[in-house]
Amino acid sequence: MTQNDNDFFKQLGAKIASLRKEQQITQVQLAEILGISQQYMQAFEAGRRKVPSSMLPTLAEVLAVSVEELIGIAPTNGKKRGPAPKLLKQVEQISQLPKSKQKFVMDMLDTVIQQAAH
């Protein structure tokens, strides 16, 4: 690797670690999502290993950022990143429930949201 490559992958690794912690995801959890070992994930975050470009879309999705932001091209501008992976997983699980239980969950959410608005 050239010095520029080393610098890039160290910055990328630090960004991944920071976003992972922000999303309250462990190295083990992220490694499982990516289908790699925790040690390999640790090497990515430390900048000792190159992150394969094929992993960038999955990493960006899990960490709730764009690929551009992940690799340092796009500024964040303080924008909200969107729902956390846990929320996305919960929505997926709710969509698998029978319609009557989905309605129950939606009614509960509506009630909580209405109470929070007042």
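Visitor: What covers the buried residues of α1?

Guide: This is a predicted model. In it, the cover over the buried residues of α1 includes α2 (27–34), α3, α4 (56–62) and α5 (67–70). The buried residues of α1 themselves are F9, L12, G13, I16, A17, L19 and R20.

Visitor: How many helices and strands does the protein have?

Guide: There are seven helices and zero strands. Read from the N terminus, the order of elements is α-α-α-α-α-α-α. Of the 118 residues, 26% count as buried.

Visitor: How should I read the spacing of residues along a helix?

Guide: An α-helix has 3.6 residues a turn, so residues three or four places apart point the same way. With that in mind, look at the residues of α1 that meet α3: F9, K10, G13, A14, I16, A17 and R20. Their partners in α3 are M41, F44, E45 and A46. By class, this contact has seven nonpolar, one polar and three charged residues.

Visitor: How many residues does α1 have, and what does it reach from its first C-alpha to its last?

Guide: Helix α1 has 20 residues and reaches 28 Å between those two atoms, close to the 28 Å expected at 1.5 Å a residue. Just after α1, Q24 takes a positive phi of about 60 degrees.

Visitor: How is a pair of packed helices described?

Guide: Two packed helices are described by the angle between their axes and the distance between the axes. Here, the axes of α1 (residues 3–22) and α3 (residues 38–46) cross at roughly 115 degrees and come within 6 Å.

Visitor: Which residues of α3 are buried?

Guide: M41, A43, F44 and E45 are buried in α3. The buried residues of this helix pack against α1 and α2. Just after α3, G47 takes a positive phi of about 80 degrees.

Visitor: Is Y40 buried or partly exposed?

Guide: Y40 lies in helix α3. Its relative accessibility is 28%, so Y40 counts as partly exposed. The C-alpha atoms of Y40 and V51 are separated by 9.7 Å, and the two residues are 11 apart along the chain.

Visitor: Where do nonpolar side chains tend to be?

Guide: In soluble globular proteins, nonpolar side chains tend to be buried together. In this model, the largest nonpolar core has 20 residues. Those with the most contacts inside this core are I16, L30, M41, V51, L59 and L70. Helices α1, α2, α3 and α4 each supply at least two residues of the core.

Visitor: What does I16 touch, not counting residues up to four places away in sequence?

Guide: I16 touches L30, M41, E45, V51, L59, L63 and L70.

Visitor: Why does L34 count as buried?

Guide: L34 is found in helix α2. L34 counts as buried because its relative accessibility is 14%, and buried means under 20%. Leaving aside neighbours within four places in sequence, L34 is in contact with M41, M55, T58 and L59. L34 and L59 are 25 residues apart in sequence, while their C-alpha atoms are 7.8 Å apart in space.

Visitor: Among contacts between residues at least 6 apart in sequence, what percentage join residues at least 24 apart?

Guide: In this protein, 51% of those contacts do.

How values were computed:
Residues numbered from 1 in each chain as written. Predicted model: local features only at pLDDT ≥ 70, side-chain atom pairs only at ≥ 80, totals over all residues. Heavy atoms only, no water. Axes fitted to C-alpha atoms, helices over the stretch in contact; angles between N-to-C directions. Helix = DSSP H or I, 4+ residues; strand = E, 2+ residues; numbered from the N terminus. Contact = heavy atoms within 4.5 Å. Nonpolar A, V, L, I, M, F, W, Y, C, P; charged D, E, K, R; others polar. Buried < 20%, exposed > 50% of the residue type's maximum accessible area, 1.4 Å probe, protein only. Expected span 1.5 Å × (residues − 1). Core = buried A, V, L, I, M, F, W, Y, C linked by side-chain atoms within 4.5 Å.
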